[in-house]
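User: I'd like to talk through this structure with you, starting with the strands and then moving to the contacts. Could you set out the terms as we go?
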Amino acid sequence: MDWLAHHQQSEAHASRAHEHLRQGRTQDAEDAFRLAAEAEEAALALLDESKPRTLGITAVSAVSLWFKGKDFVRASRLAHRYLAMPAINDAARAQLDDLLLTLYNERDKQRMSGQFLPGSVTVAVRGGEVLRGAAPLDLIVEKVKTLQSMFYRVVEMAANKPLRKRGGPTKDVADSFEPWLVQEAPGSFQFSVAVKVNGQMDLFDKERLEAADIAKKFLDVVTTVASDSTGEATKELIPDPEYRATFRKLVRNLTPTSGSFEALVITSKERDDVAVAIDETTRPRLAGVLKAEQPKPDEASGEVPAELVGVLRALDLDKDWLKVETQDGAQVEVNKLSQAVDDVIGPMVNKRVVVRAIKTKKGDLRFTDIELAED
Amino acid sequence: MSRPLRFENLHPRHPIDPHQLQGYANAAKVCLEKHHAPPVTFEAVSKGETVAYELQWQPIDDMLRRSYNNADDAKRDGAYVIAFAAVEDLEGLVSIGRAETKTGADYYLAPAGTSPEDFENAVRLEVSGTDGNPSQAKTRLRQKQQQTRDGTGEEPAIAAVVGFRSKLILVERA
């Protein structure tokens with residue numbers, strides 16, 4: 001067989017592997033990827049240094065296929081062999097380096113496996129100002145805090161705790177389930193969130209919450225909330241209306257507003273079938289379902305809906321008010337923040353927001369919702 | 001006056017796996033039918049010029065719709081085949097090979113008739129599909145061009161964005 005025959009055989013196996021992945025047949029996909037890798041490596045062996053670009057592209061392809069087939073030893077051996085060849089061009093060299101980093105990370109994670117609960121979620125922030133392996137600190141800190149809030153709230157909801165509106169998680173939750181940030185090889189800017197095993201976990205009521213299910217529950221909540229345009233699937237998964245609204249608002253806080261990034265993609269290595277991209281389409285989808293469940297103005301008593309755009313300058317959840325500075329410099333007070341929880345609204349201080357309220361006949365504004373304004 | 005853009009049956013003009021091409025065409029039909037009924041006119045914008053294309057397809061059934069229920073995968077795959085067809089018509093380039101990457105796959109383009117054994121002068125194609133509005137599609141193209149330049153240095157590349165809802169095909173050199 002010549003190069004082309006091996007390469008086409010590899011393409012056909014890889015095509016089948018991707019089809020298996022689409023159908024959720026992970027094991028069959030890995031088997032097909034290994035067959036594709038075998039064929040691509042056979043094609044690679046027939047190339048010489050007179051075609052350096054073809055050589056580099058084929059080497060990257062073969063290593064990637066071994067990686068996707070979960071044969072990390074063959075993947076790293078092949079990557080090292082071709083990185084040692086001077087003929088490999090810069091673009092292929094960068095991709096082989098990146099693949100090796102990923103392989104090292106996978107090896108490190110295997111070493112750490114006893115210290116973390118099974119299941120982790122990988123978060124990739126892509127596009128906009130985000131570079132390969134680097135991103136604005138503000139952006140990442142804000143998203144990580146929102147993810148942490150969601151994580152704790154998933155634990156609390158699963159443990160049948162009432163919705164917490166103020167302050168951090170209770171000591172039993174914080175002591176038992178500690179989310180950790182685990183670095184990933186750069187593709188865009190990405191990291192994983194894993195759950196550190198803690199001796200205190202035994203104190204938690206295991207009958208009500210299986211610790212190993214946290215990542216699964218987290219993913220179920222995020223994927224359902226982000227993709228559900230009618231709101232029905234979310235209602236089924238999260239029957240409590242307060243938790244439901246809070247999760248929707250937290251997911252909305254993850255959506256892009258200013259062009260600093262294009263999408264936040266959440267995946268799980270343990271669940272190939274689950275992936276959610278929170279992008280420009282997510283916010284309008286959430287707007288419809290959130291609006292449907294918000295309090296409506298009592299038109300009979302002269303109430304009307306109101307919307308303010310400005311900078312959130314001050315906030316006192318205990319005294320039940322917030323102040324927005326509008327474009328003309330006026331500070332407008334909005335009261336009755338019973339709908340607000342602090343980890344949803346807190347990160348918006350000093351940012352441009354849209355506040356929705358009900359204006360009473362007397363002219364007072366009663367809070368219904370707040371979100372970051374789009375630039 | 002629009003001209004037809006045939007995104008099905010690209011094999012053997014595009015000498016890559018025919019099953020993969022058929023899968024991409026199915027994904028494209030699912031994405032198109034989410035917003036439009038056939039035929040529909042798309043505008044392709046490349047190098048400052050606009051070309052109107054008529055896209056035609058057989059209505060899909062529930063089985064096909066269910067098979068491509070992952071919207072992100074369907075948009076990516078559907079965009080591939082529409083980009084292949086558009087770039088062939090606009091630039092005279094056909095896809096000659098697929099190469100795996102860590103997270104997906106790259107496609108390489110070359111003038112029709114080029115040997116698929118030779119990637120030496122091939123152009124890499126970066127594709128993205130979106131259901132966003134025209135402004136979001138243009139932003140996506142700029143981001144794709146930047147990412148392509150960041151990722152490959154001096155390697156020749158084309159970025160393409162297919163706006164399924166906005167009926168746009170944007171094609172530019174990265």
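Analyst: Before the strands, one term: two strands pair if DSSP finds at least two bridges between them. Please also keep in mind that this is a predicted model.

User: Okay, how many bridges join E4(B) to strand E5 of chain B, and do they run parallel or antiparallel?
Analyst: Strand E4 of chain B is joined to strand E5 (residues 105-111) of chain B by 7 bridges, and the two run antiparallel. As one example, B:Leu93 has B:Pro111 in E5(B) as its bridge partner.

User: What order do the strands of that open sheet in chain B have?
Analyst: The open sheet has 8 strands in the order E1-E3-E2-E8-E7-E6-E5-E4 (chain B), and the pairing is mixed. Its edges are strand E1 (3-4) and strand E4 (93-100) of chain B, each of which pairs on one side only.

User: Switching to the interface: how much area do chain A and chain B bury between them?
Analyst: About 3,200 Å² is buried between chain A and chain B, with 44% of it on carbon and sulfur atoms. Chain A brings 39 residues to the contact and chain B brings 35 residues.

User: And how many salt bridges and polar contacts are there between chain A and chain B?
Analyst: The count between the two chains is 2 salt bridges, and 19 residue pairs are in polar contact across the interface, with both residues at pLDDT 80 or more. On the side of chain A that touches chain B, helix H1 (3-22), helix H3 (52-68) and helix H5 (90-112) of chain A each supply at least two residues. The residues of that side divide into 16 nonpolar, 15 polar and 8 charged.

User: Which side chain meets A:Asp98 in a salt bridge?
Analyst: That is B:Lys102, whose side chain meets the one of A:Asp98 at 3.4 Å, N to O.

User: What about the whole structure, how many salt bridges over all chains?
Analyst: A search of the whole structure finds 42 salt bridges over all chains. One of them joins the side chains of A:Glu242 and A:Lys165 at 3.0 Å, N to O. This pair links distant parts of the chain, 77 residues apart, with A:Glu242 in helix H10 (residues 241-254) of chain A and A:Lys165 in the loop between helix H6 (137-158) and helix H7 (171-176) of chain A.

User: Is A:Glu242 buried or partly exposed, and what about A:Lys165?
Analyst: A:Glu242 is partly exposed, with a relative accessible area of 39%, and A:Lys165 is partly exposed with a relative accessible area of 25%.

User: Which parts does the salt bridge of A:Glu325 and A:Arg313 tie together?
Analyst: Their side chains meet at 3.3 Å, N to O. A:Glu325 lies in strand E7 (residues 321-326) of chain A and A:Arg313 in strand E6 (residues 304-316) of chain A, so the pair ties together parts that are 12 residues apart in sequence. A:Glu325 is partly exposed at 26% relative accessible area, and A:Arg313 is partly exposed at 37%.

User: Now chain B: are B:Asp131 and B:Lys75 buried or exposed?
Analyst: Both B:Asp131 and B:Lys75 are buried, and their side chains meet in a salt bridge at 4.0 Å, N to O. B:Asp131 is in the loop between strand E6 (123-130) and helix H4 (134-152) of chain B, while B:Lys75 is in helix H3 (residues 71-91) of chain B, so the pair ties together parts that are 56 residues apart in sequence.

User: Last one: which residues are linked in a network of salt bridges?
Analyst: Such a network links A:Lys249, A:Arg252, A:Arg283, A:Glu307, A:Arg356, A:Asp369 and A:Glu371.

Methods: Residues are numbered from 1 along each chain as its sequence is written. Chains are lettered from A and ligands numbered from 1 in the order in which they are written. This is a predicted model: local features need pLDDT of at least 70, side-chain atom pairs count only at pLDDT 80 or more; totals for chains, interfaces and linings use all residues. Side-chain values use heavy atoms; hydrogens and water are left out. Contact means heavy atoms within 4.5 Å. Buried area is the accessible area (1.4 Å probe) that two parts lose on being put together, summed over both. A polar contact is a pair of N or O atoms within 3.5 Å; within protein, one must be able to donate a hydrogen and the other to accept it, and residues adjacent in sequence count only if both atoms are side-chain atoms. Helices (H or I, at least four residues) and strands (E, at least two) are DSSP runs, numbered from the N terminus. Ala, Val, Leu, Ile, Met, Phe, Trp, Tyr, Cys and Pro count as nonpolar, Asp, Glu, Lys and Arg as charged, and the others, Gly among them, as polar. Buried means under 20% relative accessible area, exposed over 50%, partly exposed in between (1.4 Å probe, protein chains only).
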